Amino acid sequence: TLRAAALGMEAGFSAGAIAGAICLYAATRDRSRPRLAYRTLLGFLWRPVVLAVVAALILAVACRSFDPFAFSIELHGILNPEQMQRFLTVWHVHCGLYLGLLIGVLWILGDIARLRKRLAFIEKPETERDRGTVVTRL
């Protein structure tokens with residue numbers, strides 16, 4: 001199990017690095033809008049981490065016997081029923097981790113877009129600002 005945990009950490013680190021790069025790109029890609037401070041971006045980091053753990057736990061418990069790809073049929077004879085159940089649990093945890101990461105990153109990307117739009121509006125000259133709508137919330 002230690003080997004599996006190490007492999008999971010390696011894959012998780014890669015996924016996290018790619019997700020972080022996507023968020024950094026979104027925070028800096030449009031030069032016409034103000035950039036967000038790195039401190040602001042760091043404040044978003046908890047979202048994909050927490051959502052990944054929560055989604056993994058939910059899927060592992062709620063989908064205990066759900067086998068949409070018929071793994072139990074394909075692996076019949078290779079794994080006994082107890083091993084098959086453990087395999088499905090690990091598979092659901094794996095899917096939940098990636099689902100939570102995806103939801104967290106999409107949440108961050110939405111907030112980055114809203115914050116940058118709001119900052120661009122605030123930094124406009126008074127005459128341009130009067131023509132726009134006031135953003136009162138994130």
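This short tour moves through a few charged side chains and their surroundings.

You are looking at a predicted model, where local features need pLDDT of at least 70, side-chain atom pairs count only at pLDDT 80 or more, and totals for chains, interfaces and linings use all residues. Residues are numbered from 1 along each chain as its sequence is written, and side-chain values use heavy atoms, leaving out hydrogens and water.

Start by selecting R47 and D111. Their side chains form a salt bridge, 2.6 Å from N to O (a side-chain nitrogen of Lys or Arg within 4 Å of a carboxyl oxygen of Asp or Glu). R47 sits in helix 3 (residues 46-62) and D111 in helix 5 (residues 81-122), so the pair ties together parts that are 64 residues apart in sequence. Helices here are DSSP runs (H or I, at least four residues), numbered from the N terminus.

With R47 included, the three residues are linked in a network of salt bridges, and the structure holds 2 salt bridges.

Now show the surface: which of these residues are buried? R47 and D111 both are (under 20% relative accessible area, with exposed over 50% and partly exposed in between, using a 1.4 Å probe and protein chains only). D111 has 6%, while R114, at 40%, counts as partly exposed.

Finally, select R116, also found in helix 5. R116 is buried, with a relative accessible area of 3%. A polar atom of its side chain lies 3.3 Å from the backbone oxygen of A27.

Definitions and conventions: Helices (H or I, at least four residues) and strands (E, at least two) are DSSP runs, numbered from the N terminus. A polar contact is a pair of N or O atoms within 3.5 Å; within protein, one must be able to donate a hydrogen and the other to accept it, and residues adjacent in sequence count only if both atoms are side-chain atoms.
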